[in-house]
Amino acid sequence: MSSVKGNLARSVELTNSESARLDIEVLLAHILGRERTWLYTWPEYELTTAEQYEFDVLLVRRKNGEPVAHLTGEREFWSLILKVDASTLIPRPDTELLVETALALCPQSTLRALDLGTGTGAIALALASEKPGWQIVAAEKSAAALALAESNRKRLGFGNVQVLESHWFAQLPPQHFSLIVSNPPYIDAADPHLVEGDVRFEPRSALVAKREGLADIELIAEQAGDFLDEDGWLLVEHGWQQAESVRKIFIAAGYRDVESRRDYSGWERITLGRK
């Protein structure tokens with residue numbers, strides 16, 4: 001057995017993590033069923049044999065590169081605790097920019113919105129939490145991810161979100177939305193980062209797209225117009241070096257007021273356009 005303080009010091013063992021201390025805190029808090037702040041309030045607490053064993057197992061898995069979110073089974077996004085698993089992408093703080101921008105562009109208290117490739121349901125549920133009067137469709141092609149999104153929806157109690165199966169627009173009946181948002185696959189299959197870090201444990205189908213990562217964005221831009229209201233907005237997340245290419249795709253597809261927005265690191269990470 002060891003104390004909380006002693007286990008926190010084991011962050012030095014996570015040489016492959018850029019957030020070693022945070023990783024240790026999250027895993028310890030998860031094992032103990034406590035908030036991270038509790039760890040510093042009770043640093044001398046001695047873990048039971050069972051708690052120590054469980055922590056040791058998770059620490060070994062983290063050393064082998066497994067994402068912390070997979071080890072705990074959850075990730076916070078937009079202050080919502082979402083269940084996660086290996087069936088889809090782990091929600092990332094960068095994607096909150098998509099939510100922020102959508103809310104700023106659409107201040108209406110009522111509208112219809114579509115989240116394409118919803119994964120865990122993160123974007124749709126974040127929008128629903130801010131706009132209870134919106135009716136939001138969350139579309140996903142993966143059956144496993146679809147079940148996960150629906151589980152998150154039910155657990156969080158958002159009755160204004162409908163989760164349904166569709167590969168982009170293919171299975172959607174004819175309808176219109178004032179807002180369409182998506183965080184689609186946008187990584188080139190040859191990108192060396194696919195064999196590094198947490199993404200090794202995430203599904204390739206949610207990460208990789210043809211045509212140097214732009215194929216799915218092209219399809220969404222080309223087909224979204226048939227589902228958008230006049231003056232409706234399309235917003236997509238993309239790679240930090242793709243903004244210029246995505247703007248060209250939007251313009252070629254006939255969108256107006258096309259621009260890209262920067263994340264907190266200064267990279268252009270989302271592009272938007274109006275029908």
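Is His70 buried or exposed? I looked this up in what is a predicted model, where local features need pLDDT of at least 70, side-chain atom pairs count only at pLDDT 80 or more, and totals for chains, interfaces and linings use all residues. I number residues from 1 along each chain as its sequence is written, and side-chain values use heavy atoms, with hydrogens and water left out.

**Entry 1**

I find His70 buried, with a relative accessible area of 16%. I take buried as under 20% relative accessible area, exposed as over 50% and partly exposed as in between, with a 1.4 Å probe and protein chains only. His70 lies in helix α5 (residues 68-72). Helices (H or I, at least four residues) and strands (E, at least two) are DSSP runs, numbered from the N terminus. The His70 side chain reaches the backbone oxygen of Asp85 at 3.4 Å. A polar contact is a pair of N or O atoms within 3.5 Å; within protein, one must be able to donate a hydrogen and the other to accept it, and residues adjacent in sequence count only if both atoms are side-chain atoms.

I then turned to Arg62, which sits in helix α4 (residues 49-63). Arg62 is buried, with a relative accessible area of 8%. From C-alpha to C-alpha, Arg62 and Ala20 are 9.7 Å apart in space, and they are 42 residues apart in sequence.

**Entry 2: the sheet**

I traced an open sheet of seven strands in the order β5-β4-β3-β6-β7-β9-β8, with mixed pairing. The edge strands, each pairing on one side only, are β5 (161-165) and β8 (256-262). Two strands count as paired if DSSP finds at least two bridges between them.

I followed β6 (residues 177-182) to its neighbours. Strand β3 (residues 112-116) runs parallel to β6 and is joined to it by four bridges; Leu116 stands opposite Ser182 in β6. Helix α7 (residues 122-130) packs on the sheet, touching β3, β4 (135-140), β5 and β6, and its direction makes about 170° with that of β4. I take contact as heavy atoms within 4.5 Å. Axes are lines fitted to C-alpha atoms, for helices over the stretch in contact, and angles run from 0 to 180 degrees between N-to-C directions.

Strands β6 and β7 also run parallel, joined by five bridges. The bridge partner of Val181 in β7 is Leu235. I note that β6 is mostly covered, with six of its six residues buried.

**Entry 3: helix α8**

Which residues of α8 are buried? I list Ala145, Leu146, Leu148, Ala149, Asn152 and Arg153. They lie on the same side of α8 because they cover an arc of only 165° around the axis; the arc is that of the directions from the helix axis to the C-beta atoms. The buried residues of α8 pack against β2 (80-83), α7, β4 and β5. On the face turned away from the buried side, α8 carries the exposed residues Ala143 and Lys154. Just after α8, Gly157 takes a positive phi of about 75°.
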